[in-house]
Amino acid sequence: MRVRKAVSLWINKQAAIDSVLGGFAWTSPSLGPYNPFKNKRFLNWPRFDRKPLAENRITAQHLMEQAGYAEGFPMGHLCRARLSAHCEFLKAELTGLNIDLRIQI
């Protein structure tokens, strides 16, 4: 659980929008802000943490240490060929957490 949270906090989601998606996206829950079926407090969900990225990354590193993975680890990742740019971005991001993402297309 700590590793999953660390990964979530570490990834620069705004950079992903700009570099992988060509700027045609925004960070959002699966149910948009005007959907009547969504939880009214969706902006407080963990995916919407508004802390600065640098602060989140410090927390992410602490979580990796607590989980016993301060030195990182290798991890396989299945990737569709048409999404290879997304996977390459993820690989580059996780390098900072010492996670060696091994992409399998």
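Entry 1: I looked up Asp100 and found it partly exposed at 33% relative accessibility (buried is under 20% relative accessible area, exposed over 50%, partly exposed in between, with a 1.4 Å probe and protein chains only). I noted that this is a predicted model, where local features need pLDDT of at least 70, side-chain atom pairs count only at pLDDT 80 or more, and totals for chains, interfaces and linings use all residues. Residues are numbered from 1 along each chain as its sequence is written, and side-chain values use heavy atoms, with hydrogens and water left out.

I read 3.6 Å, N to O, for Lys91 and Asp100, and 3.1 Å between the closest N and O atoms of Arg102 and Asp100. Lys91 is partly exposed at 29%, and so is Arg102 at 46%.

**Entry 2: another salt bridge.** The structure holds 3 salt bridges. In one of them, Arg57 pairs with Glu93, and their closest N and O atoms are 2.9 Å apart. Arg57 sits in helix H3 and Glu93 in helix H4, so this pair ties together parts 36 residues apart in sequence (helices, H or I with at least four residues, and strands, E with at least two, are DSSP runs numbered from the N terminus). I found Glu93 buried at 13%, whereas Arg57 is partly exposed at 21%.

**Entry 3: the disulfide.** I found 1 disulfide (a pair of cysteine sulfur atoms within 2.5 Å). Cys79 and Cys87 form it, with sulfur atoms 2.1 Å apart. Cys79 is buried at 8%, and Cys87 is buried at 6%.

**Entry 4: helix H1 and Met64.** Which residues of H1 are buried? I listed Val3, Ala6, Val7, Leu9 and Trp10. I then checked Met64: leaving aside neighbours within four places in sequence, its contacts include Val3, Ala6 and Phe73 (contact means heavy atoms within 4.5 Å).

**Entry 5: confidence.** The mean pLDDT of the protein is 84, and 76% of its residues reach 70 or more (pLDDT is the predictor's confidence in each residue, from 0 to 100). A reminder to myself: where pLDDT is low, the predicted coordinates should not be read in detail.

Terms used:
A salt bridge is a side-chain nitrogen of Lys or Arg within 4 Å of a carboxyl oxygen of Asp or Glu.
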